[in-house]
Amino acid sequence: MKYQTAKRLITLDISTMTLEQVQRHRVRLLDAWRESQAQYGFSQAVRDVFYRVIIDSGAQGFIPRDLLLTD
């Protein structure tokens with residue numbers, strides 16, 4: 001799942017959805033949340049733009065693109 005898809009998921013109004021649609025929506029939200037926490041690996045999260053690689057002489061690693069989405 002890409003970052004833009006995850007951002008779109010959190011803006012959808014579930015009050016207009018059927019119970020089955022809400023259940024599917026919940027599964028997709030959980031999948032987006034897991035990916036935003038890099039539970040599928042940092043290389044996957046970087047490919048899907050949830051994380052950025054830190055390029056600095058004093059630091060090395062990854063940083064989340066959107067802290068609110070990760071929380």
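Trainee: Where does V49 lie?

Mentor: V49 sits in the loop between α3 and β1; helices (H or I, at least four residues) and strands (E, at least two) are DSSP runs, numbered from the N terminus. This is a predicted model, in which local features need pLDDT of at least 70 and side-chain atom pairs count only at pLDDT 80 or more, whereas totals for chains, interfaces and linings use all residues. Residues are numbered from 1 along each chain as its sequence is written, and side-chain values use heavy atoms, with hydrogens and water left out.

Trainee: Why is V49 called partly exposed?

Mentor: The relative accessible area of V49 is 34%. Buried means under 20%, exposed over 50%, and partly exposed in between, with a 1.4 Å probe and protein chains only. V49 therefore counts as partly exposed.

Trainee: What is the phi of V49?

Mentor: Phi is about 70 degrees in V49, a positive value although the residue is not a glycine. Most residues other than glycine have a negative phi. A38, in the loop between α2 and α3, also has a positive phi, near 60 degrees, and is not a glycine.

Trainee: Why does A38 count as buried?

Mentor: Its relative accessible area is 11%, so A38 is buried. A38 also belongs to the largest nonpolar core, whose 8 residues are Y3, A6, A32, A38, A45, F50, Y51 and L69.

Trainee: What makes a set of residues a nonpolar core?

Mentor: The members must be buried Ala, Val, Leu, Ile, Met, Phe, Trp, Tyr or Cys residues, joined through side-chain atoms within 4.5 Å. In soluble globular proteins, nonpolar side chains tend to be buried together. Around A32, a member of this core, the contacts (heavy atoms within 4.5 Å) are M1, A6 and F50, with residues up to four places away in sequence not counted.

Trainee: How many aromatic pairs does the structure hold?

Mentor: There are 3 aromatic pairs. Rings of Phe, Tyr and Trp (its six-membered ring) pair if their centres lie within 6.5 Å; planes under 30 degrees apart count as stacked, over 60 as edge-to-face and the rest as tilted. One of the pairs is Y3 with F50, at 6.0 Å centre to centre and 80 degrees between the planes, which is edge-to-face. Y3 lies in helix α1 (residues 3-9) and F50 in the loop between α3 and β1 (51-55), so this pair ties together parts 47 residues apart in sequence.

Trainee: Why are Y3 and F50 called buried?

Mentor: Y3 has 9% relative accessibility and counts as buried; F50, with a relative accessible area of 3%, is buried as well. A further pair is F42 with F62: the ring centres are 4.7 Å apart and the planes at 5 degrees, so this pair is stacked. F42 belongs to helix α3 and F62 to strand β2 (residues 60-64), so the pair ties together parts 20 residues apart in sequence. Together with Y51, F42 and F62 form one aromatic cluster.

Trainee: Which residues form the nonpolar patch on the surface?

Mentor: F42, V53, I55 and F62 form it, with about 410 Å² of accessible area together; such areas come from the Shrake-Rupley method with a 1.4 Å probe, only the protein chains shown counting as cover for residues. Patch residues need over 30% relative accessible area and no salt bridge; like charges are joined within 9 Å and nonpolar side chains (Val, Leu, Ile, Met, Phe, Trp, Tyr) within 5 Å. F42 is partly exposed at 37%, and F62 is partly exposed at 37%.

Trainee: How many salt bridges are found?

Mentor: The search of the whole structure finds 2 salt bridges, each a side-chain nitrogen of Lys or Arg within 4 Å of a carboxyl oxygen of Asp or Glu. In the bridge between K2 and D48, the closest N and O atoms are 3.2 Å apart. It links distant parts of the chain, 46 residues apart: K2 is in the segment before α1 and D48 in the loop between α3 and β1. K2 is partly exposed at 45% relative accessibility, whereas D48 is buried at 6%. R24 and E20 also form a salt bridge, 2.8 Å from N to O; both lie in helix α2 (residues 19-36), 4 residues apart, about one turn of the helix.
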